[in-house]
Amino acid sequence: MKVAVAQISCSLGDAEANLLKVRDFSRRAKEAGGELIVFPEMTDTGYSMPVIQKHAAPWTSGFVPDLQRIAKDFSIAIVSGVSERDNAACIYNTQVLVDSDGNTAAKYRKTHLYAVAPVEEQTCFAPGNAFESFTFGRLRFGFSICYDLRFPEMYRKLVTQQNVEAFIISSAWPFPRVEHFRTLAMARAIENQSYVIASNRVGKDDDLWFCGSSAIIDPRGVMISAASADREELIHADVSEELVVSVRRRVKSLAHRRPELYD
């Protein structure tokens with residue numbers, strides 16, 4: 001199965017402009033043979049807390065129904081970071097999966113909020129309280145968003161309790177910590193013998209410059225497709241259940257865990 005990653009910039013508060021970009025990259029991914037395309041964090045609004053608070057909308061209108069139309073038009077599944085206004089006072093930083101028939105098939109609400117100045121996500125978002133995964137093709141995929149990458153316990157739990165074989169990361173990771181992004185993504189792949197499919201932003205929102213470096217990493221820790229640090233790109237690669245099974249069978253590190261020692 002071929003998966004694609006869209007590394008894009010976003011227009012702050014301009015959902016229509018961002019949707020045009022989603023449509024263009026989805027079309028290109030489909031033409032390249034992609035069955036699933038992953039977009040960054042907060043693709044609908046851009047990554048600015050005041051802008052998100054102003055523009056976040058319920059999923060019955062706006063960005064998500066348009067995502068559904070795009071997925072159906074091109075017969076491609078889409079994972080995207082989006083704002084999710086649950087009620088007048090509650091907004092979640094969410095990933096949504098829209099399948100190739102245009103149905104909203106799964107979602108994940110970011111559990112680890114980046115509560116560090118000047119961003120302070122907790123001033124805008126409510127935290128999610130559950131880890132989520134979904135099956136697509138013959139692989140089990142786990143959701144995660146940006147700052148989640150710093151919490152290895154989350155990824156290990158997705159593997160050991162939800163049988164995940166590939167992690168999808170939608171991110172708006174800034175330049176000062178670009179090496180953290182690259183290193184942590186590689187570590188999550190190696191330690192869990194799982195694919196990492198990471199879509200990160202480029203461009204600038206407010207005072208934040210984003211570091212790109214989107215990547216697809218295989219369960220051996222091999223970078224099989226990678227993007228630049230500073231320009232919009234579409235990358236793609238083939239992923240397979242067989243490789244996950246082979247790697248885990250060869251070195252049975254997951255089976256060699258001693259969880260009784262870890263609490």
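Here are legends for several close-up views of one predicted model. Numbering starts from 1 along each chain as its sequence is written, local features need pLDDT of at least 70, and side-chain atom pairs count only at pLDDT 80 or more, while totals for chains, interfaces and linings use all residues. Side-chain values use heavy atoms, with hydrogens and water left out.

View A. Six strands line up in the order S6-S7-S8-S9-S12-S13, with mixed pairing. Strands here are DSSP E runs of at least two residues, helices are H or I runs of at least four, and both are numbered from the N terminus; two strands pair if DSSP finds at least two bridges between them. S6 (133-136) and S13 (223-226) each have a single partner strand, so one side of each is left without a neighbour in the sheet. On average, neighbouring strands are turned by 20° against each other, direction ignored. Zoom in on S7 (residues 139-145) and S8 (residues 166-171) and you get a parallel pair with five bridges. Gly 142 sits opposite Phe 167 of S8.

**View B. Two helices over the sheet.** H4 lies across S6, S7 and S8, at about 155° to S7. H5 lies across S8, S9 (195-200), S12 (215-217) and S13, at about 160° to S9. Axes are lines fitted to C-alpha atoms, for helices over the stretch in contact, and angles run from 0 to 180 degrees between N-to-C directions.

**View C. Where H4 meets H5.** H4 (residues 152-162) packs on H5 at an angle of about 35°, with the axes 10 Å apart. On the H4 side, the contact (heavy atoms within 4.5 Å) uses Pro 152, Tyr 155, Arg 156 and Val 159, and H5 brings Arg 188, Glu 191 and Asn 192. Sorted by type, that makes three nonpolar, one polar and three charged residues; Ala, Val, Leu, Ile, Met, Phe, Trp, Tyr, Cys and Pro count as nonpolar, Asp, Glu, Lys and Arg as charged, and the others, Gly among them, as polar.

**View D. Arg 182 on H5.** Arg 182 belongs to H5 (residues 178-192). At 34% relative accessibility, this arginine counts as partly exposed; buried means under 20% relative accessible area, exposed over 50%, and partly exposed in between (1.4 Å probe, protein chains only). Leaving out residues up to four places away in sequence, Arg 182 touches Ser 213 and Ala 229. Ser 213 is 31 residues away along the chain, yet its C-alpha atom is 7.2 Å from that of Arg 182.

**View E. The nonpolar cores.** A core is a set of buried Ala, Val, Leu, Ile, Met, Phe, Trp, Tyr and Cys residues joined through side-chain atoms within 4.5 Å. The largest one has 48 residues, and Leu 36, Phe 134, Phe 141 and Ile 197 have the most contacts inside it. H5 supplies the largest share of this core, five residues. A second, separate core of 23 residues includes Ala 6, Ala 29, Ala 71 and Val 82.

View F. Most residues other than glycine have a negative phi, and most peptide bonds are trans. Met 42 has a positive phi of about 50° and sits in the loop between S2 (36-38) and H2 (49-55). At 0% relative accessibility, Met 42 counts as buried. Gln 193 also has a positive phi, near 45°, and is found in the loop between H5 and S9. Ala 117 and Pro 118 are joined by a cis peptide bond, with omega about 5°.
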